Amino acid sequence: MAQPALAQSTRQQLKTANKFFGQENYRASLPFYEQVLAKDPNNAQALFRAGIAYMSFDKEKASDYIYKAQRLKKNVSKDVEYWLGRVDHLNYNFDEAITHFQAYNASLKSKDSRKKELAQLIQHSKNAKVQFNSPKDIFVKNLGPTINTQWSEHSPVISNDDKVLLFTSRSDNMSNAPAVSADGKTKDKNKIAADGQYYENIYEATRIDDENWEKPRSLSGVLNGKGHDASIQVFDNDTKLLMYRNDENGDILYSEKSGADWTDPKKLNKNINTPAFESDAYITPNGLTIYFSTSKYSEDNTLDIYYSTRVPGGDWGPAKSIGSAINTAYDDDSPYLSRDGKTMYFSSRGHNTMGGYDIFKSEYDSVGRKWGRAENMGYPINTPDDDTYYRLSPDGSYAYLSSYRIGGYGEKDIYTINYIKNAIIRGRVLSSRDSTAIPGAELVFSGTQADKTALSYRDVTKPFSAEYQVNVLSGRTYQVAVSKDGKNIETQEFAVPISTNDSTTIEKNFYVDYVDPAGPALAINPIYFDTDKFKLRPESITELNKITEILKANPGINISIEGNCDSRNTDEYNIVLGQNRANVAYNFLKKAGIAETRMVTVSYGERRPVAPNDSPENMQLNRRTDFRVIVKEGESMPIMNKPASGATNSSPAMKSGMAPMNTGTRSTVPLQPGKSKVKLEDGTKVKTKVDEDSDKVKVKTKGADDSKSKTVTKDGTIDAKAKDAEGNKVKVKTDND
């Protein structure tokens, strides 16, 4: 007995679903189709109609359902090829969409009026394919679930300070409550439109920060009437609101600010509002011209854009067409003018749209006094579905947009549109073996634009510091080829995140498997500090001794001593701490005999990190003092002499494979007049003798493996002998300059 009852239940659910479907109340039909499919997953009719109903809410599911319906029952509908074309187009399968449209067109009689629509749909797919294959470098971002719901949100209006957003929603006070209950009955009929969804109402949200908004409040008092009400524009320093209300097929009204709320809306005059459909408008900043959309003057009730002017203190004059460069035989809507009045943005179903409404722009020809040819704004601003209500932010740096697109929260959502900007990438190239700097290394960043056009950026690391800097288009992964003396060292991938401003700087050091065959480069390395301290560490004294030797060997070189911090404290505190870190190095070098006139100090506080302050290791890299050779404007980096004392680890003994000398990077004993002995960590014993004038240095080493070396440096000439553990001997005599 259960089977007939189950069948009867399924028939009733299918009947209810078909009733809503016939009323084009697609959202209300879906729960009942899903109930049918839960019991009968191969019900072709339920799959087919549910697929059509899903096209506004879930395009991928719509495709799955319609294709499955056709597989189960090839002729599930005489229009199945049409709907397959529509759903393929929305899912970016443009070639398949064209094939289905052509198949459906072939099934129609020669005089069938639907052939005109098919020709247009085929052209849309061709247009979409062109736009999709040549995308713009644009970042489209959903405003998020605080603003967008499963219902339709559109018509964004932003205040002059970019802190308050007015918009229109078909939700029930920003809730996700269904308009139809589980038994198929409409809830509050006063809130429900003919299509079974809630009427449009105007909402207001206040910005918390760049990413977040406070919960929107409904302006349900005087602004929201019994039917559809939509936001259009705030003007006169945000004291007036232009809005839409569906009186007399749709009219344009305005309201004035009254405290925290708005006054009762009033209609614009009859030169603007007619018995036909007026949908959207824009008033210029001087208040003397209004552009608006109306169906009054078209033969088939499609929208066109008109304008009207007035004298100060007067009312709107007769409407005039904006011209054929913008208006088409299809709907042209949602006019919006750039602040300088030179660019008109609008939505259109005509021109070379990708499908549905697309955003276009037209430039004003001041000589010919007319608007120029409409230009499609391209993908990803535009999609195969409706894209409307393009509105620039107050400073013009980005825009708002209403759009049906894959990945949204429901139907139409509000998005922001940002052009992807360049980012500065800077850092150093270092050896992965010993972290020594590699000056003269070439870096080539290779990537592609969104449309696959090749990008290439190049720089060569500076002498001594091995620093580089490139200005690259952000939001993509680059292949970074590092080479030296024309020979490739290695290639690394580096992902640059999206930047939507012109001030993004990213610090990136490249560590490569490279050792200079001529020996370590003459480098001035940073010194590092403990947290919140500016006391010199033992290894910092070693590095400062090396810097002392470099400066003494190069009396024409001046340096900038630059203090840096991590981000643990305030910027003001870190500026002081950074200055103290610069001063302690300055004082050491001054005491070591470097003239004050050769050194300057500066503090950057936390403003010049070499790594993100997101880990103890990275913060340590930022607690440092840098030493930069000062190069006068118009001059190149001078060639620097290597210290005769070998303080830079670049003596011929090292180049010849001998045991290392007592150098500034290995020994904690400064090279001062007199004798010294030291035993290194690897067991090597080092004896050093420096004469009174420091012009002669004798270094003897004896390794734990019985290797030996003797090096005498005098007046820039090095005389070195060495014997390794196997008894092999090496002699070197050379001028160290």
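Reply: Keep in mind that the model is predicted.

Me: Is serine 540 buried or exposed?
Reply: Buried means under 20% relative accessible area. Serine 540 has a relative accessible area of 1%, so the residue is buried.

Me: How are helix H5 and helix H7 oriented to each other?
Reply: Two packed helices are described by the angle between their axes and the distance between the axes. Here H5 (residues 80-90) and H7 (residues 114-132) have axes that come within 11 Å and cross at roughly 25°. Angles under 35 degrees count as roughly parallel. H5 and H7 are therefore roughly parallel to each other.

Me: What is the handedness of the crossing of H5 and H7, and which residues of H5 make the contact?
Reply: The crossing of H5 and H7 is left-handed. On the H7 side, the contact is made by Glu117, Leu118, Leu121, His124, Ser125 and Ala128. On the H5 side, the residues are Tyr82, Arg86 and His89.

Me: What is the bridge partner of asparagine 142 in S22?
Reply: S1 and S22 (residues 413-419) run antiparallel and are joined by 5 bridges. Asparagine 142 has its partner in S22: tyrosine 415.

Me: Which residue in S25 stands opposite serine 446?
Reply: Another open sheet has 4 strands in the order S25-S24-S27-S28, again with antiparallel pairing. Its edge strands are S25 (454-460) and S28 (487-496). S24 (residues 441-448) and S25 pair over 7 bridges. The residue opposite serine 446 is serine 456.

Me: How many residues of strand S12 are buried?
Reply: In a regular strand the side chains alternate between the two faces of the sheet. From S12, Thr289, Tyr291 and Ser293 point one way, while Ile290, Phe292 and Thr294 point the other way; all are buried. S12 (residues 289-294) is therefore largely enclosed by the rest of the structure, with a buried count of 6 of the 6.

Me: Which glycine in the turn between S11 and S12 has a positive phi?
Reply: S11 (residues 278-283) runs antiparallel to S12, joined by 4 bridges. Isoleucine 283 stands opposite isoleucine 290 in S12. The two strands form a hairpin with 5 residues between them, and the turn residue with a phi of about 75° is glycine 287.

Me: What is the bridge partner of threonine 294 in S13?
Reply: S12 also pairs with S13 (residues 304-309), antiparallel, over 6 bridges. The partner of threonine 294 is aspartate 304.

Me: Where is tyrosine 92, with its positive phi, found?
Reply: Most residues other than glycine have a negative phi, and most peptide bonds are trans. Tyrosine 92 has a phi near 70°. At 21% relative accessibility, tyrosine 92 counts as partly exposed. Its place is the loop between H5 and helix H6 (94-107).

Me: What is the phi of glutamate 248?
Reply: Glutamate 248 is in the loop between strand S7 (240-245) and strand S8 (251-258). Glutamate 248 is not a glycine, yet its phi is positive, about 45°.

Me: Is the peptide bond from tyrosine 379 to proline 380 cis or trans?
Reply: Proline 380 lies in the loop between strand S19 (375-376) and S20. The bond from tyrosine 379 to proline 380 has omega near 10°; the bond is cis.

Note on methods
Residues are numbered from 1 along each chain as its sequence is written. This is a predicted model: local features need pLDDT of at least 70, side-chain atom pairs count only at pLDDT 80 or more; totals for chains, interfaces and linings use all residues. Side-chain values use heavy atoms; hydrogens and water are left out. Two strands pair if DSSP finds at least two bridges between them. Buried means under 20% relative accessible area, exposed over 50%, partly exposed in between (1.4 Å probe, protein chains only). Axes are lines fitted to C-alpha atoms, for helices over the stretch in contact, and angles run from 0 to 180 degrees between N-to-C directions. Angles under 35 degrees count as roughly parallel, over 145 as roughly antiparallel, 65 to 115 as roughly perpendicular and the rest as oblique. A crossing is left-handed if the near helix is turned anticlockwise from the far one by less than a right angle, and right-handed if clockwise. Contact means heavy atoms within 4.5 Å.
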